[in-house]
Amino acid sequence: MIPITKPMLGENEAEAARRVIASGWTSQGPEVAAFEKEFAAYVGAPYACAVSSCTTALHLALLAAGVRPGDEVITVSHSYIATANSIRYCGARPVFVDIDPATFNIDPVLIESAVTGRTRAILCVHQIGMPCDLAAVCEIARRYGLAVVEDAACAIGSEILWQGHWEKIGRPQGDIACFSFHPRKVISTGDGGMLTTANPEWDAKFRLLRQHGMSVPDTVRHGASRVIFESYPIVGFNFRMTDIQAAVGREQLKRLPDIVRKRRELAARYRTLLAKVPGLGLPTEPDWARSTWQSFSVRLPEDSDQRWVMQAMLDEGIATRRGVMCAHREPAYPPDTWSCAGRIRNRSCTEEVCRCLRHSEEAQDRTVILPLFPEMTFEQQDRVAESLQDALRVVTLNE
Ligand SMILES: C[C@H]1O[C@H](OP(=O)(O)OP(=O)(O)OC[C@H]2O[C@@H](n3cnc4c(=O)[nH]c(N)nc43)[C@H](O)[C@@H]2O)[C@@H](O)[C@@H](O)[C@@H]1N
Ligand SMILES: O=C(O)CCC(=O)C(=O)O
């Protein structure tokens, strides 16, 4: 079986976890602090704060940016559901903007029509590791006084050409960037997340909110020679990362440059292997972006059926995934819970038929994500390419 993904974990990670367990201190402590410092150095950010997942990171980012019940946040529907959910957790309303079908990222041309008096922030996504057009997003956000939160779940190691220099995503170019260490991502701690920012007040807020709003952390009280009583000035959460996870994350960071290099090599190789497949659309990388290729997504020819192709490949022992989901199509998102640019401004869409998100829907329905992981062999990759071509050929023959 060729899986869709396989986290690159080995003896070093196992030894790191063992070392923490043997130390007797396993909850958020010195390993988390060290991981944060090393992660900040990697992306070039002034501050990094570790949490339990990217979902909880997004939630804290929006709260710190001042998103409150009744506010609107501009984002994409075409993303894992956690993106839109994080807005709902704040009692705010997602306003969905369609994607550019070439990059699967928010179409900057459409953002301005989604801004209203209630808009508080733009939550943009670097979908499947491809940097979105942050320069355009930030320009609009600055003009309207909006915060920019980046969902960089898949973009650890992605780069963007920023004011003439290549920078890692997460510096951050916006106001806050959120990363994921779920096993489907570029590096993994089992589950886990990270927020980066240049704003010390927001960083302090993340730290307070991730640990119940506790005024004096347990680590400080643990080592104190005088009795200290903590207080809880605000309602916080338990969104901590453990020291076991952080120790694994530190080992993963050491592997990261090799992982990204390998992923880019495999993505380039897919491009060569699939270049001549009739009607197949290959992903594009703008000349100002370098992806991690967290996923390699191909657009199927017009005459092929997505589910049929995926099943044919599964029958050959190859796992695939459909294109990235659209939150607005899920039962958790009835029409009264979200808006989209057209429904606000032109009223060109009815409740029944909405054309505002047609590129998002088309990407979900017409693309297939192929296996790509650093330990994938060329032989496995050849099998994937052949199996896809066979499946497409059978579809054509059946016509
Ligand atoms: C492109 C999108 O990819 C992911 O969505 P997805 O629909 O592909 O995710 P799922 O289908 O839930 O993928 C989870 C898969 O990730 C793999 N996986 C999940 N956890 C593990 C693990 O611990 N070990 C191994 N070896 N594999 C793991 C399994 O193959 C599992 O089926 C998410 O990461 C999204 O955030 C992302 N945008
Ligand atoms: O739970 C998932 O499958 C993805 C969500 C994620 O990556 C996260 O919250 O860190």
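Colleague: How do the residues of the shell around ligand 2 divide into nonpolar, polar and charged?
Modeller: First off, this is a predicted model: local features need pLDDT of at least 70, side-chain atom pairs count only at pLDDT 80 or more, and totals for chains, interfaces and linings use all residues. Residues are numbered from 1 along each chain as its sequence is written, while chains are lettered from A and ligands numbered from 1 in the order in which they are written. Ala, Val, Leu, Ile, Met, Phe, Trp, Tyr, Cys and Pro count as nonpolar, Asp, Glu, Lys and Arg as charged, and the others, Gly among them, as polar. On that scheme, the shell has four nonpolar, five polar and no charged.

Colleague: Which residues are around ligand 2?
Modeller: A residue makes the list if its C-beta atom, placed from the backbone, lies within 6 Å of the ligand. That gives Ser53, Cys54, Thr55, Tyr80, Ala82, Ala153, Ser180, His182 and Gly193.

Colleague: Which residue does the annotation "modified residue: N6-(pyridoxal phosphate)lysine" cover?
Modeller: That note comes from an unreviewed UniProt entry, and such annotations may be inferred rather than shown by experiment. The residue sits in the loop between strand 10 (176–180) and strand 11 (193–197); strands here are DSSP runs of E, at least two residues, and helices are runs of H or I, at least four, numbered from the N terminus.

Colleague: Is Lys185 buried or exposed?
Modeller: Buried takes 20 or more other C-beta atoms within 10 Å of a residue's own, exposed takes 12 or fewer, and partly exposed is in between, with C-beta atoms placed from the backbone. Lys185 has 23 within 10 Å, so Lys185 is buried.

Colleague: Seen down the axis of helix 9, within what arc do its buried residues fall?
Modeller: In helix 9 (residues 306–315), the buried ones are Val309, Met310 and Met313. They line one face of the helix, because the arc, taken from the directions from the helix axis to the C-beta atoms, is 95 degrees.

Colleague: Which exposed residues does the face of helix 9 turned away from its buried side carry?
Modeller: Past the end of the helix comes Gly317, with a positive phi near 85 degrees. The face you're asking about carries Arg307 and Asp315.
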